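Colleague: Before I use this model, I would like to go through it with you. Could we take the folding elements and side-chain pairs in turn?

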Amino acid sequence: MAWFSKKPRISTETEQTTESRPSRMEGLWAKCESCDEIIYRQDLEKNWMVCPHCEHHHAWPARSRLTTLLDPDSFEEFDKDLEPQDPLGFSDSKKYKDRLKSTRKNLGECDAFISGVGRIEGHQVSVGCFVFEFMGGSMGSVVGEKVARVFERAHDLKCSAIIFSASGGARMQEGIFSLMQMAKTSAAIARFRTGTRPYISVMLNPTTGGVAASFSWLGDVILAEPKALIGFAGPRVIEQTIRQKLPEGFQRSEFLLEHGMIDSIVHRKELRTKLGQILGLLG
């Protein structure tokens with residue numbers, strides 16, 4: 001018999017309770033993605049999810065964005081009950097319908113886009129905002145329909161349209177149905193432009209794929225947040241395709257502004273004022 005044997009450790013009831021109980025400090029602090037500073041989460045949220053040390057713009061929930069940027073109690077949501085289906089019966093590591101069900105349950109959102117009508121400094125706008133947390137803000141058939149309705153509603157109400165884009169591109173679980181949303185949304189913009197009101201596109205981090213390749217680039221005025229990743233394909237894919245090293249900061253909003261691809265980079269805290277100015281001049 002061996003002189004040494006290792007017996008499984010039996011944790012006490014107190015230890016088991018402590019391990020299963022969440023820490024009271026959990027979720028109270030956040031680490032800045034840019035400067036690594038530790039920030040009290042409540043202070044970060046009060047600062048519109050902008051780091052007080054380095055001004056890095058963290059992800060900002062769509063509903064918080066709309067509540068803050070629109071006039072108080074002016075937002076009326078439309079098409080809230082539209083939900084995506086599974087026309088292809090798609091399945092990878094998980095069935096698409098199951099993935100949708102679990103994401104809806106976790107986020108409390110039906111899909112990756114919120115739309116409605118509100119006001120900014122008294123100006124009526126038809127507005128939409130991507131929910132990036134919902135499958136990377138991917139654009140499926142329902143998202144495309146909601147985006148198209150933003151422009152149709154703006155056309156009918158004779159008001160301006162604003163869309164805040166944050167997306168990884170088309171939702172490939174819906175195949176050709178998702179790709180057709182690029183043409184659908186672009187056609188809706190063409191009809192909207194028979195009027196005289198502007199479409200303001202606000203690009204957030206990230207705005208890529210089919211969303212960037214369609215309605216996001218078609219704004220009459222194109223704004224972006226600082227250091228936002230904006231482009232069709234990712235930098236690594238482009239480098240592998242053209243076999244060349246890309247410039248520093250390629251596909252970031254500062255690089256795009258320098259090369260005339262966007263009109264302005266606007267700090268999050270200045271965005272409401274900037275939108276009000278543009279609507280006052282053009283809307």
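Modeller: Helices and strands here are DSSP runs numbered from the N terminus, a helix having at least four residues and a strand at least two. The model is predicted.

Colleague: How many helices and strands are there in the chain?

Modeller: The chain has 283 residues, of which 43% count as buried. Its C-alpha atoms fill a box of roughly 90 × 50 × 45 Å along the principal axes. As for elements, the chain contains 10 helices and 10 strands.

Colleague: Among contacts between residues at least 6 apart in sequence, what percentage joins residues at least 24 apart?

Modeller: Contact here means heavy atoms within 4.5 Å. Taking the contacts in the chain between residues at least 6 apart, the share that joins residues at least 24 apart is 66%.

Colleague: Which residue forms a salt bridge with Arg63?

Modeller: The whole structure holds 14 salt bridges. In the one made by Arg63, the closest N and O atoms are 2.6 Å apart, and the partner is Glu109. Arg63 belongs to helix H3 (residues 62–69) and its partner to the loop between helix H4 (96–107) and strand S4 (113–120), so the bridge ties together parts 46 residues apart in sequence.

Colleague: Are Arg153 and Asp79 buried or exposed?

Modeller: The side chains of Arg153 and Asp79 form a salt bridge with an N to O distance of 2.8 Å. Arg153 sits in helix H5 (residues 141–157) and Asp79 in the loop between strand S3 (76–78) and H4, which puts the two 74 residues apart. Buried means under 20% relative accessible area. By that cut-off both Arg153 and Asp79 are buried.

Colleague: Which residues do salt bridges that share partners join into one network?

Modeller: Lys184 and Glu145 meet in a salt bridge at 2.4 Å, N to O. Lys184 is in helix H6 (residues 176–192) and Glu145 in H5, so this pair ties together parts 39 residues apart in sequence. Lys184 is partly exposed at 33%, and Glu145 is partly exposed at 22%. Through shared partners, salt bridges make one network of Asp79, Glu145, Arg149, Arg153 and Lys184.

Colleague: At what angle do H5 and H6 pack?

Modeller: The axes of H5 and H6 are 9 Å apart, and the angle between them is about 0°. Angles under 35 degrees count as roughly parallel. H5 is therefore roughly parallel to H6, the angle being about 0°.

Colleague: How do the residues of the contact of H5 with H6 divide into nonpolar, polar and charged?

Modeller: On the H5 side the contact includes Val147, Ala148 and Phe151, and on the H6 side it includes Ala188, Ile189 and Phe192. The residues of this contact divide into seven nonpolar, five polar and five charged.

Colleague: What covers the buried residues of H6?

Modeller: H6 has 17 residues and spans 25 Å from first to last C-alpha, close to the 24 Å expected. Its buried residues are Ser178, Gln181, Thr185, Ala188, Ile189 and Phe192. Their cover includes H5, strand S6 (160–167) and strand S7 (199–208).

Colleague: In which strand is Ser165 found, and what is its relative accessibility?

Modeller: Ser165 touches residues including Phe130, Val202, Leu204, Pro206 and Phe215, leaving aside those up to four places away in sequence. Ser165 is found in strand S6. Ser165 counts as buried, with a relative accessibility of 0%.

Colleague: Which residue does a cis peptide bond join to Asn205?

Modeller: Most peptide bonds are trans. Here a bond with omega of about -5° is cis, and the residue it joins to Asn205 is Pro206. The strand that holds this proline is S7, and the residue is Pro206.

Colleague: Where does Glu55 lie?

Modeller: Most residues other than glycine have a negative phi. Glu55 has a positive phi, near 65°. Glu55 counts as partly exposed at 40% relative accessibility. Its place is the loop between helix H2 (41–46) and H3.

Colleague: Does Arg243 count as buried or exposed?

Modeller: Arg243 has a positive phi too, near 55°. Arg243 lies in the loop between helix H8 (235–242) and helix H9 (253–258). With 74% relative accessibility, Arg243 counts as exposed.

Key. Residues are numbered from 1 along each chain as its sequence is written. This is a predicted model: local features need pLDDT of at least 70, side-chain atom pairs count only at pLDDT 80 or more; totals for chains, interfaces and linings use all residues. Side-chain values use heavy atoms; hydrogens and water are left out. A salt bridge is a side-chain nitrogen of Lys or Arg within 4 Å of a carboxyl oxygen of Asp or Glu. Buried means under 20% relative accessible area, exposed over 50%, partly exposed in between (1.4 Å probe, protein chains only). Axes are lines fitted to C-alpha atoms, for helices over the stretch in contact, and angles run from 0 to 180 degrees between N-to-C directions. Angles under 35 degrees count as roughly parallel, over 145 as roughly antiparallel, 65 to 115 as roughly perpendicular and the rest as oblique. Ala, Val, Leu, Ile, Met, Phe, Trp, Tyr, Cys and Pro count as nonpolar, Asp, Glu, Lys and Arg as charged, and the others, Gly among them, as polar. The expected span of a helix is 1.5 Å times one less than its number of residues.
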